[in-house]
Amino acid sequence: MAITRKEIVSILGPVDDELVAELMGTGASAEELREAWGWLHNDEALIGAGRPLPGTGVGRLIEMLEPDEDEP
């Protein structure tokens with residue numbers, strides 16, 4: 001089931017409408033977004049726990065959530 005705005009905000013906190021629309025457009029589930037958020041913020045712990053590397057869909061979400069290097 002595709003993720004809802006409410007689920008996105010509950011996982012990420014306040015986010016802009018553009019990101020919400022992009023995430024909803026991926027067809028990702030709430031679980032996939034949680035996994036992407038976890039990998040983005042705690043990848044060493046997940047690797048240490050023996051978790052397999054994220055798949056393509058979760059990897060795409062990670063790319064969408066990563067801050068731009070150009071931004072201060």
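This is a predicted model: local features need pLDDT of at least 70, side-chain atom pairs count only at pLDDT 80 or more; totals for chains, interfaces and linings use all residues.

Is Glu66 buried, partly exposed or exposed? Select Glu66 to begin: at 41% relative accessibility, this residue counts as partly exposed, where buried means under 20% relative accessible area, exposed means over 50%, and partly exposed lies in between (1.4 Å probe, protein chains only). Glu66 is found in the segment after helix 4.

Residues are numbered from 1 along each chain as its sequence is written, and side-chain values use heavy atoms, with hydrogens and water left out.

**The whole chain**

Display the protein chain as a cartoon. It contains 4 helices and 0 strands; helices (H or I, at least four residues) and strands (E, at least two) are DSSP runs, numbered from the N terminus. Along the sequence, the pattern reads α-α-α-α. Of the 72 residues in the protein chain, 28% are buried. Contact here means heavy atoms within 4.5 Å. Among contacts between residues at least 6 apart in sequence, 49% join residues at least 24 apart.

**Before helix 1**

Next, select Ala2, which lies in the segment before helix 1. Ala2 has a relative accessible area of 40% and is therefore partly exposed. When neighbours within four places in sequence are left aside, Ala2 is in contact with Glu7, Gly27 and Ala28.

Move on to Ala28, in the loop between helix 2 and helix 3. Ala28 is buried, because its relative accessible area is 7%. From C-alpha to C-alpha, Ala28 and Ala2 are 5.4 Å apart, although 26 residues separate them in sequence. Which residues does Ala28 touch, not counting those up to four places away in sequence? They are Met1, Ala2, Ile3, Leu23 and Leu61.

**Helix 1 against helix 2**

Two packed helices are described by the angle between their axes and the distance between the axes. Select helix 1 and helix 2 together. Their axes come within 10 Å and cross at roughly 115°; axes are lines fitted to C-alpha atoms, for helices over the stretch in contact, and angles run from 0 to 180 degrees between N-to-C directions. Helix 1 and helix 2 are therefore roughly perpendicular to each other. Angles under 35 degrees count as roughly parallel, over 145 as roughly antiparallel, 65 to 115 as roughly perpendicular and the rest as oblique.

Show the side chains at this contact: Arg5, Ile8 and Leu12 come from helix 1, and Asp17, Leu19, Val20, Leu23 and Met24 from helix 2. By class, this contact of helix 1 with helix 2 has 6 nonpolar, no polar and 2 charged residues. In this scheme Ala, Val, Leu, Ile, Met, Phe, Trp, Tyr, Cys and Pro count as nonpolar, Asp, Glu, Lys and Arg as charged, and the others, Gly among them, as polar.

**Two salt bridges**

The structure holds 2 salt bridges, a salt bridge being a side-chain nitrogen of Lys or Arg within 4 Å of a carboxyl oxygen of Asp or Glu. Zoom in on Arg5 and Asp17, which form one of them, with their closest N and O atoms 2.5 Å apart. This pair links distant parts of the chain, since Arg5 is in helix 1 (residues 5-12) and Asp17 is in helix 2 (residues 17-25), 12 residues apart. Arg5 is partly exposed at 39% relative accessibility, whereas Asp17 is exposed at 52%.

Then select Glu31 and Arg34, whose side chains meet in a salt bridge at 3.7 Å, N to O. Both lie in helix 3 (residues 30-48), 3 residues apart, about one turn of the helix. Arg34 is partly exposed, with a relative accessible area of 43%.

**Helix 2 against helix 4**

Finally, select helix 2 and helix 4 (residues 56-65), whose axes come within 11 Å and cross at roughly 170°. Helix 2 is therefore roughly antiparallel to helix 4. Here Leu19, Glu22 and Leu23 of helix 2 meet Leu61, Met64 and Leu65 of helix 4. By class, the contact of helix 2 with helix 4 has 5 nonpolar, no polar and 1 charged residues.
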